[in-house]
Structures are given as structure tokens and as C-alpha cells.
Amino acid sequence: MSELEPADFERADYRTVLRRLTSLDQRATTLREEARGWHAERIAAADAAVREAEERVREAQHDVRVAQRELEQVDARAAGLWSEFVHRVGPAAERFGRTLPPASIPRQREREARDYLDEVETRVKYTPPARPLTFGTQVLFGIFGFAGGLLGVIGNLVLRRTGEAAGADSDWGQAAPVVALLVLLCCPILAVVTAKLVADRRGVGLDTAAVATVLVTGLITAGLLFTAVQFAQPA
């Protein structure tokens with residue numbers, strides 16, 4: 001049925017107008033039902049979109065918390081590796097700063113932060129193999145032993161002379177021989193400590209044989225010089 005125009009009511013009879021009004025009421029009812037259905041569908045779709053958005057927000061908040069924990073773990077591990085690096089390298093690491101340097105964006109961004117930390121940990125904990133002892137180094141260790149023995153004898157003589165000058169009845173006169181003997185034995189040991197410092201600085205391994213070389217050379221030197229001095233002194 002076509003749409004009613006104002007002129008149609010003038011030409012149409014009562015039954016026709018009533019039938020057309022009835023059809024209009026049915027159409028209006030249909031349109032209202034369609035509008036209610038469309039509105040209900042829109043509400044359901046909006047509710048679903050809100051629930052989906054809330055779920056995405058919860059997932060994003062969870063991801064943020066996980067990322068924050070990972071960031072804290074990475075920062076803590078990086079600070080620990082930096083502390084170990086500074087401890088191993090020493091003052092040379094201060095040119096990079098006393099504290100952990102700020103993070104920089106790496107070129108290979110597809111790698112995880114843990115991969116970089118594992119690589120750094122491997123490099124920090126790497127200990128280069130010690131260089132073998134050369135003949136010159138062994139001669140240097142022998143010189144250390146000789147110097148330790150010589151200094152021990154000199155210190156022994158100086159302490160004995162001061163003890164004799166203080167008199168046998170004084171406290172220092174009685175303690176001087178014991179202290180002099182300790183100095184005679186300790187100087188070769190100090191020569192071993194000095195040799196160890198030099199070996200560490202040169203990256204050379206100080207094995208048992210090298211320690212024995214320094215210590216035995218120092219003790220033999222001290223013993224020979226001490227004996228020679230005792231024979232040289234007038235009876």
C-alpha cells in the first residue's frame with residue numbers, strides 16, 4: 001500500500017480510511033519492534049565492547065607489572081655485574097664512572113636483555129690464562145730473593161747494634177736479638193710477597209717452583225751473609 005496523502009482522505013470512504021489507518025498502526029508497531037531490537041543489539045554490542053576493553057586493560061596492567069619486575073631484575077643484575085667488573089678491573093674502570101652507567105639502546109634490538117647480561121657475565125668472569133714464566137722473570141724473582149736476604153741481614157745487624165748500645169740489662173737489649181732474628185726470617189718472606197705482586201701485574205702465574213726460588217734464594221742469602229758477618233766480627 002502506498003503512502004497516504006492528505007488528499008486521499010477527501011476522496012476515500014470511511015472503510016478505506018479505517019483500513020489504511022489500521023495498516024499504519026501495524027507498520028508503526030513493526031517499526032517500534034525493529035527499533036527496540038536494534039537498540040537491544042546496540043546495547044549488547046556496547047557491553048561486549050566494554051568487557052573486551054576492560055579485559056585488554058587488565059592484560060595490559062598485568063603486562064606492565066611483569067615488565068616492571070623484569071626491569072628491576074635486569075637493573076639489579078646489571079648493577080651486580082658492574083660492581084664485579086669494577087672490583088676486578090680496579091681504578092681503570094673509573095673512567096666509565098663510579099656508578100652503573102645509564103643504559104643505551106643496542107643495535108641488535110631483537111635480542112632479549114638477559115642475552116646481553118649473559119654475554120657481559122661471561123666476559124666479566126673470564127680470566128685470561130697466565131703467561132708462562134720466562135727466564136728473565138725467573139732471574140728477577142731470584143734478585144727479589146737475594147734482596148730479601150740482604151735486607152734481612154742488614155736489619156738484623158742494625159737491631160743487634162741498637163740492642164747492644166741500649167745495654168744488656170735494658171728491655172730493648174734483651175728483646176733486640178729476638179726481633180733481629182724475626183726480621184732476618186721475615187725479609188725473605190716479604191720478598192715472596194713482592195714477587196707475587198709483580199707477577200700479578202704482569203699476568204704471570206707464580207707457581208710453587210717460583211715461590212720456592214724466591215724463598216730459598218732469600219734464606220740462603222740471609223744465612224750466608226749472616227754467617228760471614230759473624231765470622232768477620234772480632235771475637
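A salt bridge is a side-chain nitrogen of Lys or Arg within 4 Å of a carboxyl oxygen of Asp or Glu. In this predicted model, the side chains of arginine 58 and glutamate 55 meet that description, with N and O 2.6 Å apart.

## Overall make-up

The protein has six helices and zero strands. Read from the N terminus, the order of elements is α-α-α-α-α-α. Of the 235 residues in the protein, 17% are buried. Among contacts with a separation of 6 or more, 65% join residues 24 or more positions apart. The accessible surface of the protein comes to about 17600 Å², and carbon and sulfur atoms supply 61% of that area.

The structure holds four salt bridges. Three of them are described here, beginning with the pair already named.

Arginine 58 and glutamate 55 are three residues apart in helix 2, so about one helical turn separates them. Arginine 58 has a relative accessibility of 45% and therefore counts as partly exposed. Glutamate 55 is also partly exposed, because its relative accessible area is 35%.

Glutamate 52 pairs with arginine 56, and the closest N and O atoms of this salt bridge are 3.0 Å apart. These two residues are four residues apart in helix 2, which means a separation of about one helical turn. Glutamate 52 counts as partly exposed at 47% relative accessibility, and arginine 56 is partly exposed with a relative accessible area of 46%.

Glutamate 33 forms a salt bridge with arginine 36. Both residues lie in helix 2, which covers residues 14-89, and they are three residues apart, about one turn of the helix. Glutamate 33 counts as partly exposed at 48% relative accessibility, and for arginine 36 the value is 48%, again partly exposed.

| Salt bridge | N to O distance |
|---|---|
| Glutamate 33 and arginine 36 | 3.2 Å |
| Glutamate 52 and arginine 56 | 3.0 Å |
| Arginine 58 and glutamate 55 | 2.6 Å |

Helix 4 takes in residues 135-166. Just after helix 4, glycine 167 takes a positive phi of about 100°.

A nonpolar patch on the surface is formed by Phe146, Leu150, Leu151, Ile154 and Val158. Together these residues have about 440 Å² of accessible area. Valine 158 is placed in helix 4. Its relative accessible area is 47%, so valine 158 is classed as partly exposed.

## Helix 6 and threonine 221

Helix 6 covers residues 208-232. The 25 residues of helix 6 should span 36 Å at 1.5 Å a residue; the end C-alpha atoms are 35 Å apart, which agrees. The buried residues of this helix are Ala210, Val214, Gly218, Thr221 and Ala222.

Which residues does threonine 221 contact, leaving aside its neighbours within four places in sequence? They are Phe146, Gly149 and Leu150. Phe146 and Leu150 also belong to the nonpolar patch on the surface. Threonine 221 itself has a relative accessible area of 9% and is therefore buried, the cut-off for that class being under 20%.

## Cysteines

How many disulfides does a search of the whole structure find? The search finds zero. A disulfide is a covalent bond between the sulfur atoms of two cysteines.

Are cysteine 186 and cysteine 187 buried or partly exposed? Cysteine 186 has a relative accessible area of 40%, so it is partly exposed. Cysteine 187 has a relative accessible area of 15%, so it is buried.

Technical notes
Residues are numbered from 1 along each chain as its sequence is written. This is a predicted model: local features need pLDDT of at least 70, side-chain atom pairs count only at pLDDT 80 or more; totals for chains, interfaces and linings use all residues. Side-chain values use heavy atoms; hydrogens and water are left out. Buried means under 20% relative accessible area, exposed over 50%, partly exposed in between (1.4 Å probe, protein chains only). Contact means heavy atoms within 4.5 Å. The expected span of a helix is 1.5 Å times one less than its number of residues. Patches are made of residues with over 30% relative accessible area and no salt bridge: like charges are joined within 9 Å, nonpolar side chains (Val, Leu, Ile, Met, Phe, Trp, Tyr) within 5 Å. Accessible areas come from the Shrake-Rupley method with a 1.4 Å probe; for residues, only the protein chains shown count as cover. A disulfide is a pair of cysteine sulfur atoms within 2.5 Å.
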